[in-house]
Amino acid sequence: MRRTLATCLVLIAAGISSFAAQSLAADVRPLPYPFGNMITFSSDVDYQTPWEGHAIHRYLNEELGLPITDSFWISSSTGGDNVSALFKSYIGLSTQPSRVGQHSVYGLLLRQWHRGNIDTIHSWADDMLPQFRRVLPEPLPLSAGGISLDLKGAGEWMRAFEAFGGKDARGYQQLRMVFDRDPPADLVVEAQFADGATYVFPAETTARLRMGAGKPPSAAPASVTIILNEPWPVGVMPGRDGPFPALTGLRIKSGSCGPSCAVNLVAIERDNFSRWSVLAEKDTIDLLNIRPSSLTSHGGLNYHPSFEGPGPHYKPDYKLGADVRQESMGLAGAAGTHGYYADILKQTGFRSVTSIWNGDPSETWSFHRGVAPLASVFPGFYALAKSHVSFGDVTSETIDASKAALVKLEPRLEDFDLKAYVCTVSIYCREASQGSTAGGQIALGRHLIAKGASVQHHWYTHFGTVRFDPTFTATSEAPFPPVAMEEFRKLAGDYYNPTGELPEAKRVWVPPSAVWSNYRIVHSQIAQHVSVNPDTSAVEIASFVDPVLHEKLPDPNAGTRDLHGITIYVPSADRATVSIDGKPITSFTRNPADATGRESITIVDDNTPTTFFNRLPLEKLGETRVAGGTYQWQASAGQASEAPPAYAKLTAASREASLTFAPNDLQLFNVTHLSWSYRIRRDDSRIAKAKLEIVWRTEAGAMVSVAEGAGTRPPEDADTGRWIKPFERDGNWHAVTVAQHDFLWKAGFEKWRVLPLALGKIRSVEIRLIDAEPGDILEIGAMQGLRPTGNAVAADRSLLIAGQVVAPSGRPQQGVAITLRNEDGSTRTTATDAGGYYILGKVKRDSLVSVSARTASGPCSPKRGAELELRQDEAELDFDLSACAKKESVSALQ
């Protein structure tokens, strides 16, 4: 069945390609303009500490501008301090220090997710505790009198794993009883512990956590789970620091059974993962608006949180005792088991998964085989395809032998210098799936590109294992070995083309992992749902229902997210318009002719905009300064539908007029495009002569400029930037979207450690009218940074507001009341936790809100400002109470 479906998908794609040859409607470029190749990474989070992940993304995403992502776990099975997981217990967030500033682990990971640095989960849980499973020698009949079970003989290994993870470790929190059929609804469980404590789990609890709850009694095996070390309503035990005392006995009874009710206990299990832990944590995940579209299966010790296809099971030998489960079965997609949660993943927005065992071949696709086909193993999901390569086995193979094996697969690697990227002393600097050798994966792809190949490498790796490389010590400043850091910098060069000398065939697109997976799904089908008017270049896209996902693409709630990167050939890019199901969109770039001689448009994800200004006046978002003219903020009431909701109006009084805006606290993360809407006009009958120029200045010292006109160097001698064609001064509004990978670069870019792009903290935005005549008017609005994301959208399209409150001492402040006021008049209040964090979930998208902290001297506004237009998840709306105190002091003096 699996292979048949995979074959069908390939045939569908082949049919689309045949259609493309005959119809203008199918002229879709293989990759976004101007790229001829794709290289990115799918990094499993194994062994990656939170501080290490922060260092990796500081280098890749913030210094190099590479939107490369990795993964995390939702839940840690051990509660260990260095695990990159949001939860460290059944429903307890990872509040331990992250070793990055004053952030907790969950606080840091939440920020990394909503910055776009993480976009994949590596199974729901890290699965690092083996499962205790005792199959009873003889089934024990359930009765009103009860079953008494002695568990004192669990062995030393059980006590050792109870303490695994150190202080506050979660221990074995889940106890599962397996019956030969559904037990009655009045099942009661009494748990006995080594310290003499006894806790009774009433029928209300056992009825909620059972397979088959709410269904007719079944004759098939059924399980009931109880949760230890959690208070009501999850469990009945008070939460306490681990390790908690050993479980020594159980008493299980059902009053309705009488002497017997033909239900037998056949086994008991203890572990830290089940469908119930997913359900318990899902509400918080929804509140945090973490909605991944990609899952990679981890494995661990049980495999239960992972997907596994049909076939033989891997059976490791732990040598820990007869009661250790050996099968290691992936249960995520196995309906009817305690570990099944594929249906919950579908509700959350997942689209692509990998299997830990018996997956589709595309999941481990060898680099030399070209582009992996789309396939599906599990109903409702695509197989997430990853590129693999072998750099050899350090224990049994010389580097020369490994090189010979590569050449046998791909002769163009004859002069590839493998020795420069691998070692001879450890798997962590030899195997291609380890972070230290990521430079070798990049170099291999770049080598093939230089030889004339076109590559699409979605490299499988583990960035976090760099710290086990004996030849190198990873630090926050140098998270990879020097050779790998240099290759990442070269990859950034192939992405941005700072010399301007790379032809399209050598340009490399570097998308986030989940964005690439979604791109493959949509790109394989979109051609037959696109039409292009040959006279007007109007592009019309019709949504469709995907045959595997059974959902509409593009998602109507997610703007253009699902179409990011889709590049469609048109007769004239300058005249092109784009609509989806008849609704016009403006987030697309207009591209010159590529190597085929044809112009095109590329659609850009507009679902996660970082707003410079849109509805709120500039003076509410920062400081403004005007020179050579006058400035007004105006609403667009009564204007044409294409007008932004509000805009800045700059009227020239001299040859050059400028409006400078210094935002309070605006940072751009993983922004690939800049967008705005404008028009230049006059109030009299004359045609305005002025031209637009915009200059962004960053805290890192970069100057980025975009201006009307033409040239071979960045406008205004900026570090990077580009020229755009002037629109007609026809009184109409015109939307502009520019790609940072299309910028021109000033000579000397090699000296920049942080590449000079519109990324990081924005110090100012200067909007200029140049070559103006008095009375020329610029009206500009809807300025935003756009970044692609794989994060799904809530059904009600709501968003998150969260942040941290820091006291004047520099420490997080607990117990601060935070109030959210919405423009609709509604008000919500919460308080900061021990880490100073507050969370306000499910806030209406596109609303104007004010968020304030209550202090002894009065309300305090966040660093961003007193008001906010909520257009993306805001996980870093932070408060600095010392700044508020200074403002109060100044006010008192005045």
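Cysteine 429 has a relative accessibility of 4% and so counts as buried; buried means under 20% relative accessible area, exposed over 50%, and partly exposed in between, with a 1.4 Å probe and protein chains only. Cysteine 429 forms a disulfide with cysteine 423, the sulfur atoms being 1.9 Å apart. A disulfide here is a pair of cysteine sulfur atoms within 2.5 Å. Cysteine 423 is buried too, at 10% relative accessible area. The torsion about the S-S bond of cysteine 423 and cysteine 429 is about 75°, so this disulfide is right-handed.

Before the others, the ground rules. This is a predicted model, in which local features need pLDDT of at least 70 and side-chain atom pairs count only at pLDDT 80 or more, while totals for chains, interfaces and linings use all residues. Residues are numbered from 1 along each chain as its sequence is written, and side-chain values use heavy atoms, with hydrogens and water left out.

How many disulfides does the rule give? The count is three. Counted along the chain, the bonded cysteines follow the pattern 1-2, 3-4, 5-6.

Cysteine 257 is joined to cysteine 261, with an S to S distance of 2.0 Å. The link between cysteine 257 and cysteine 261 is right-handed, with 40° about the S-S bond. Cysteine 257 is buried at 6% relative accessible area, whereas cysteine 261 is partly exposed at 23%.

The remaining pair is cysteine 860 and cysteine 884, whose sulfur atoms are 1.6 Å apart. Cysteine 860 lies in strand E50, residues 858–860, and cysteine 884 in helix H12, residues 881–893, so the pair ties together parts that are 24 residues apart in sequence. Helices (H or I, at least four residues) and strands (E, at least two) are DSSP runs, numbered from the N terminus. About the S-S bond of cysteine 860 and cysteine 884 the torsion is about 55°, so that disulfide is right-handed. Both ends are buried: cysteine 860 at 1% relative accessibility, cysteine 884 at 14% relative accessible area.

Next, helix H9, which covers residues 438–450. At 1.5 Å a residue its 13 residues should span 18 Å, and the end C-alpha atoms are 18 Å apart, which agrees; the expected span is 1.5 Å times one less than the number of residues. Why call H9 largely enclosed by the rest of the structure? Because eleven of its 13 residues are buried. Among them are Gln441, His447 and Leu448. The buried residues of H9 pack against strands E1 (37–43), E20 (456–461) and E21 (508–509), and against helix H10 (482–496). Just after H9, glycine 452 has a positive phi of about 100°.

Now a sheet. Three strands make an open sheet in the order E48-E45-E52, with mixed pairing. Strands E48 (837–843) and E52 (879–880) stand at the edges with a single partner strand each, so one side of each has no neighbour in the sheet. E45, residues 799–806, pairs with E52 in the parallel sense over two bridges; two strands pair if DSSP finds at least two bridges between them. Valine 805 has phenylalanine 879 of E52 as its bridge partner.

Last, serine 600, in strand E30, residues 599–603. Serine 600 counts as buried, at 0% relative accessibility. Leaving aside neighbours within four places in sequence, its contacts (heavy atoms within 4.5 Å) include Tyr33, Thr567, Tyr569, Arg590 and Pro592.
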